[in-house]
Amino acid sequence: MVLRLLLVSHHYRESWEWDPRELDEAAERLERWRAQGEGDGALDQVRRALDDDLDTPGAVEAVDKAVAAGRPVSEAARLLGIAL
């Protein structure tokens, strides 16, 4: 799940270089998301981002904002292929 989260953090149209530090960042992000529990926070925002040229970085940002607001995000993460 960590690797998947790292990959969806980058837009498919943009080139990027592998940086192993991003794996640690993705692991920390995943733990923050998991700590929020089950729920549908950011679900609509993630759907809109994915509808907009598969904007996975925007979707990840929406989930991060929901987590920062204390909202559970398991359903939104599931749309990104991330099982919490």
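The model is predicted. The structure holds eight salt bridges, and one aromatic pair is counted. A nonpolar patch on the surface brings together L3, L7, W16, W18 and L23. Positive phi values occur at A42 and at L54, neither of which is a glycine.

**Salt bridges**

- R29 and D64 meet through their side chains in a salt bridge, with an N to O distance of 2.8 Å. This pair links distant parts of the chain, as R29 is in helix α2 and D64 in helix α4, 35 residues apart.
- R34 is bridged to E31, and their closest N and O atoms are 3.4 Å apart. Both belong to helix α2 and stand three residues apart, so about one helical turn separates them.
- R34 is partly exposed because its relative accessibility is 34%, which lies between the limits of 20% and 50%. E31, at 46% relative accessibility, also counts as partly exposed.
- E61 forms a salt bridge with K65, where the closest N and O atoms are 3.3 Å apart. The two residues lie four places apart in helix α4, about one turn of the helix.
- E61 has a relative accessible area of 45% and is partly exposed, whereas K65 counts as exposed at 55%.

**Nonpolar patch and aromatic pair**

- Together, L3, L7, W16, W18 and L23 have about 480 Å² of accessible area in the nonpolar surface patch.
- W16 is located in the loop between α1 (residues 2-8) and α2. At 32% relative accessibility, W16 is partly exposed.
- W18, at 49% relative accessibility, is partly exposed.
- The count of aromatic pairs comes to one. The pair consists of W16 and W18, whose ring centres are 6.5 Å apart; their planes meet at 45°, so the pair is classed as tilted.

**Positive phi in loops**

- Most residues other than glycine have a negative phi.
- A42 has a phi near 70°, a positive value in a residue other than glycine. A42 sits in the loop between α2 (20-35) and α3 (43-51).
- A42 counts as buried because its relative accessibility is 2%, and buried means under 20%.
- L54 has a positive phi of about 50° and is not a glycine. The loop between α3 and α4 (56-68) contains L54.
- L54 is partly exposed, with 44% relative accessible area.

**Surroundings of T56**

- T56 belongs to helix α4. With a relative accessible area of 10%, T56 is buried.
- A polar atom of the T56 side chain lies 3.4 Å from the backbone oxygen of H10.
- Leaving aside residues up to four places away in sequence, T56 touches V8, H10, H11, L50 and L80.

Methods:
Residues are numbered from 1 along each chain as its sequence is written. This is a predicted model: local features need pLDDT of at least 70, side-chain atom pairs count only at pLDDT 80 or more; totals for chains, interfaces and linings use all residues. Side-chain values use heavy atoms; hydrogens and water are left out. Buried means under 20% relative accessible area, exposed over 50%, partly exposed in between (1.4 Å probe, protein chains only). A polar contact is a pair of N or O atoms within 3.5 Å; within protein, one must be able to donate a hydrogen and the other to accept it, and residues adjacent in sequence count only if both atoms are side-chain atoms. Contact means heavy atoms within 4.5 Å. Patches are made of residues with over 30% relative accessible area and no salt bridge: like charges are joined within 9 Å, nonpolar side chains (Val, Leu, Ile, Met, Phe, Trp, Tyr) within 5 Å. Accessible areas come from the Shrake-Rupley method with a 1.4 Å probe; for residues, only the protein chains shown count as cover. A salt bridge is a side-chain nitrogen of Lys or Arg within 4 Å of a carboxyl oxygen of Asp or Glu. Rings of Phe, Tyr and Trp (its six-membered ring) pair if their centres lie within 6.5 Å; planes under 30 degrees apart count as stacked, over 60 as edge-to-face and the rest as tilted.
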